[in-house]
Amino acid sequence: MKKVLIFQTAFLGDLILTSPLIKSVKKTFPEAEVHLVVRKGLEGVFEGFGYLNKIIPFDKKGLWGFAKRLKRENYSLVLSPHRSHRTSLILFLSQIPRRIGYDRAGFSFLYTDRVKHEFRKGLHEVERLLNLLKPLENQVSVVYDRKVELPLEDGLYAKTLSRFSLKEKSYTLIAPGSVWPTKAWLPEYFAEVGKHLLKRGLKVVLVGSRADEPYCSKVFEKMEGRALNLCGKTSLKEFFALVKGARVLVSNDSSPVHAAAAFNTPVVEVYGATVPDFGFFPYGIGKVVEVEGLKCRPCGLHGGKSCPEGHFKCMVELSPQKVVNAVEELLNTC
């Protein structure tokens, strides 16, 4: 193998969880160039990652033109965690000789090898991604590296903590935002957890992208301004630095959970519309908190804009005390 491509244009959390696949490919084919296609705007996630030779952004426009670009690279193999019709078609048109994707992908018949994409209790997304290497086991000794990893320079880590006047393990992170409203726990509940952490003698830092500002602002308001609101004020790398230095992270079912896995940061993950069986539970030190016994859960693979039943019981009935208990368990044991 001279060149191997990994095609992953999903959201941030999915991209972070692709790191074990990237490392495994490079360790299996140490002499090969390994390239990665990512959603435009996420090029910086793996900047400086020693397992990659090139990162290619894709804005999901110009299907034919992008396929021609990939064709010129003369890849021997492509692995595709992304399951869209567009991705399958682009990779087919790129004429890469061997194309491995999932059987549930759109236009999956365009792949030369199809791997079962399964949901079952206890199966994490990391393992599901690594299954893409299974078709290669008859030809090569596949090296599996299951550790989630993100590149972060020590200098940037120290600089980030200094910039925000934070000391390592003296603060906690709360990430109350989500792309999907039904995956977002109530801001007033997050605030109650934050107040408990303050009593614990820990600083509370609110994090998220600019799109998460409405959630963070409400938590900040409910905490009467006694938190450090850094929502939308950090770069991706600075966000990773904050995750690395935190004593514990409290988050919805979203990307911060997976960033925490890269730095062995304990995490409490709050579930609403989605469920842990989808495979995105903490892949490291962590606790899952959810309301059990609701027949309407899960109501979608990604969540939605509003509760289909109109009651939002999965979040309304999930008490702050239940999350506090999970946080305390981590603080007392980690």
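Biologist: Which helices each supply at least two residues of the lining of the largest pocket?
Modeller: Helix 1 (12-16), helix 5 (125-130), helix 9 (236-245) and helix 10 (255-262) do. Helices (H or I, at least four residues) and strands (E, at least two) are DSSP runs numbered from the N terminus. This is a predicted model, where local features need pLDDT of at least 70, side-chain atom pairs count only at pLDDT 80 or more, and totals for chains, interfaces and linings use all residues. Residues are numbered from 1 along each chain as its sequence is written, and side-chain values use heavy atoms, without hydrogens and water.

Biologist: What makes a residue part of the lining, and which ones are closest to the centre of the largest pocket?
Modeller: A lining residue has an atom within 4 Å of a pocket point; a pocket is an open set of points on a 1 Å grid over the protein atoms alone, where a 1.4 Å probe fits, with protein on both sides within 12 Å along at least five of seven lines. The largest pocket has a volume of about 1400 Å³, the space filled by probe spheres set on the points. Of its 46 lining residues, F11, L12, G13, D14 and S255 are closest to the centre.

Biologist: Why is R86 called partly exposed?
Modeller: Its relative accessibility is 35%. Buried means under 20%, exposed over 50%, partly exposed in between (1.4 Å probe, protein chains only). So R86 counts as partly exposed.

Biologist: Where does R86 lie, and what does R86 touch?
Modeller: R86 lies in helix 4 (residues 85-93). Leaving out residues up to four places away in sequence, R86 touches F58, K60 and L63; contact means heavy atoms within 4.5 Å.

Biologist: What does helix 4 pack on?
Modeller: First, the sheet: six strands form an open sheet in the order 3-2-1-4-5-6, with parallel pairing. Two strands pair if DSSP finds at least two bridges between them. Strand 1 (residues 3-8) and strand 2 (residues 33-39) are joined by six bridges. Helix 4 packs on this sheet, touching strand 1, strand 3, strand 4 and strand 5 (98-102), and its direction makes about 160° with that of strand 1. Angles run from 0 to 180 degrees between N-to-C directions, with axes fitted to C-alpha atoms, for helices over the stretch in contact.
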